[in-house]
Amino acid sequence: MSPREILLGVTLLALGSCAIASGPDKARDLTSAERDRLSQTLEPLLIGAGLWQRTPQGCAAEYALVKAEPVGVVITPHAPCRVLVLVSEGTLARLDRATLRVLLAHDVAHLQLGHLDARQARIEAQKQTQQGVKTVSRAGSKAVSFIPGVGGLISKGIGTARKAATAAMEMRGNPYLPEEEQAADAMAATLLDEAESSSCRSLISFLEERLQASDEEAWTPWLHEHPVSAERVAALAAPCPGAERP
């Protein structure tokens, strides 16, 4: 497993444990029924995105189930299968087939559009920023004694910058950017319609439901990672024309 896959897996585990305020969650093997449900839902989406063909590319996905109540799905490249899918128990327990397909389509779109790499680059940039703040902090602590009357201001500025960098690093889920979410929604709408006619409407209904129930605890980790806004929903009017609004 690559460092990126490990990072994404740890992210999902951390989100689950934070949301239910318990100890670290553990993965378990899927049952045959759970694996079949995921495979039947995911494989048409991978084919539609051009990420997998039944032959000669071997297995479509390897699956791992995290024992956590909050909803969470992570899809990342993984050999020897095409992708690795990490999913929480809460996801399979709470979601009907249409909603599960929406979440999978959206994550497949993020993968196809290169958003995982962009997100990883932002994480690395944040790490470098934090390290730079620490370096400046050490230099500043040595310099303040040579600037009478200004040392306190410098120390306060360094402390604020360090807190800001640390807060950015610790931001759970490292949210996708609004433009990334809209691009993934547009591609997901296409994938959904290819899998089943007019099913992009389920994406709009899903996002509107999440917008209206933004404080539902089980969805807190997913919403933090995939912020939903009225603008995001409205942007689906073009890729999903004729969708009936509730």
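Is Cys-81 buried or exposed, and what is its relative accessible area? In this predicted model, Cys-81 is buried, with a relative accessible area of 12%.

**View 1. The disulfide of Cys-59 and Cys-81.** The structure holds two disulfides, and one of them joins Cys-59 to Cys-81 with an S to S distance of 1.8 Å. The torsion about this S-S bond is about -105°, so the link is left-handed. Cys-59 is partly exposed, at a relative accessible area of 33%, whereas Cys-81 is buried.

**View 2. The disulfide of Cys-200 and Cys-240.** The S to S distance between Cys-200 and Cys-240 is 1.9 Å. This link is right-handed, with 80° about the S-S bond. It connects distant parts of the chain: Cys-200 belongs to helix α8, while Cys-240 is in the segment after α10 (230–234), 40 residues apart. Cys-200 counts as buried at 4% relative accessibility, and Cys-240 is buried at 2%. With the bonded cysteines of the chain numbered in sequence order, the pairing reads 1-2, 3-4.

**View 3. The four-stranded sheet.** The strands of this open sheet have the order β1-β2-β4-β3, with mixed pairing. Its edge strands are β1 (27–28) and β3, each of which pairs on one side only. β1 and β2 run antiparallel and are joined by two bridges; Leu-65 in β2 is the bridge partner of Arg-28. Strand β2 (residues 61–66) runs parallel to β4, with six bridges between them, and Val-66 stands opposite Ser-88 in β4. Strand β3 (residues 73–77) pairs with β4 in the antiparallel sense over five bridges, with Pro-77 opposite Val-83. β3 and β4 form a hairpin, and five residues lie between them.

**View 4. Strand β4 and its two faces.** Six of the six residues of β4 (residues 83–88) are buried, so the strand is largely enclosed by the rest of the structure. In a regular strand the side chains alternate between the two faces of the sheet. Both faces of β4 are covered: Val-83, Val-85 and Val-87 are buried on one side, and Leu-84, Leu-86 and Ser-88 on the other.

**View 5. Helix α2 and its bend.** Helix α2 (residues 32–48) has 17 residues and reaches 24 Å from its first C-alpha to its last, close to the 24 Å expected at 1.5 Å a residue. The helix bends by about 25° at Leu-42, and Pro-44 follows within four residues. Buried residues of α2 include Glu-34, Leu-38, Leu-42 and Leu-45. Just after α2, Gly-50 takes a positive phi of about 75°.

View 6. Phe-206, Trp-219 and Trp-222 form one aromatic cluster. Phe-206 and Trp-222 are buried, and Trp-219 is buried too.

**View 7. Arg-119 and the ring of Tyr-176.** The charged end of Arg-119 sits over the ring of Tyr-176, 4.3 Å from its centre.

Conventions. Residues numbered from 1 in each chain as written. Predicted model: local features only at pLDDT ≥ 70, side-chain atom pairs only at ≥ 80, totals over all residues. Heavy atoms only, no water. Buried < 20%, exposed > 50% of the residue type's maximum accessible area, 1.4 Å probe, protein only. Phe/Tyr/Trp six-rings, centres within 6.5 Å; stacked < 30°, edge-to-face > 60°. Lys NZ or Arg CZ within 6 Å of the ring centre and 35° of its normal. Expected span 1.5 Å × (residues − 1). Bend = angle between axes of the 7 residues up to and from the residue. Pairing = 2+ DSSP bridges. Disulfide = S-S within 2.5 Å.
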